[in-house]
Amino acid sequence: MKHVLLMVLLFGSFTVFAQRTGIVKGHIGDAAANGEALLFADVHVKGTDAATQTNFNGNFELLAVPTGKQVLEVTFLGYEPLEVEVEVLADNTVRIDTNMNPEQLRLKDLGIATVTASETTMKPPVTEEQED
């Protein structure tokens, strides 16, 4: 019985070590501003829980990214979402430097509303003073 238990533990540990991961590092910049750093852009590995944000220099680092072809989703308010395909190798670091494009403002989606005040709301309030 002890030998069976030992064999199960040994084979179980091999499957844990077989699940290798890699690291993805990079820089996210603004395409309209010659690659100027985008601070706090969200970087996420599609289909996993691996996610991070860029730092003050626009750099990011994702640890324990599953090996194989992965898709990085990069989002930042006011910019077009970006997807970048990477090949992650076990125990290696992949570097991705890319720029995001600002979203185009669509004026047809904007509306203008006007509000007018009536004369009654424009008059000062009437107050009565009481004498003692």
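This report walks through a few local features of a predicted model.

## About the model

Because the model is predicted, local features need pLDDT of at least 70 and side-chain atom pairs count only at pLDDT 80 or more, while totals for chains, interfaces and linings use all residues. Residues are numbered from 1 along each chain as its sequence is written, and side-chain values use heavy atoms, with hydrogens and water left out.

## A buried histidine

Let's start with H27, which sits in strand β1 (residues 21-30); strands are DSSP runs of E, at least two residues, numbered from the N terminus. Is H27 buried or exposed? H27 is buried because its relative accessible area is 18%, and buried means under 20% with a 1.4 Å probe, counting protein chains only.

Which residues touch H27 beyond its neighbours within four places in sequence? Contact means heavy atoms within 4.5 Å, and the partners include G35, A37, F60, R95 and D97. N57 is also one of them, and its backbone oxygen lies 3.1 Å from a polar atom of the H27 side chain.

## An exposed phenylalanine

Now look at F56, in the loop between β4 (51-53) and β5 (59-66). F56 counts as exposed because its relative accessibility is 60%, and the cut-off for exposed is over 50%.

## A hairpin

Finally, find strands β6 (residues 68-75) and β7 (residues 82-88), which pair in the antiparallel sense over seven bridges; pairing requires at least two bridges found by DSSP. One of the bridges joins K69 to E87 in β7. The two strands form a hairpin with six residues between them, and G78 in the turn has a positive phi of about 90°.

Conventions
Helices (H or I, at least four residues) and strands (E, at least two) are DSSP runs, numbered from the N terminus. A polar contact is a pair of N or O atoms within 3.5 Å; within protein, one must be able to donate a hydrogen and the other to accept it, and residues adjacent in sequence count only if both atoms are side-chain atoms.
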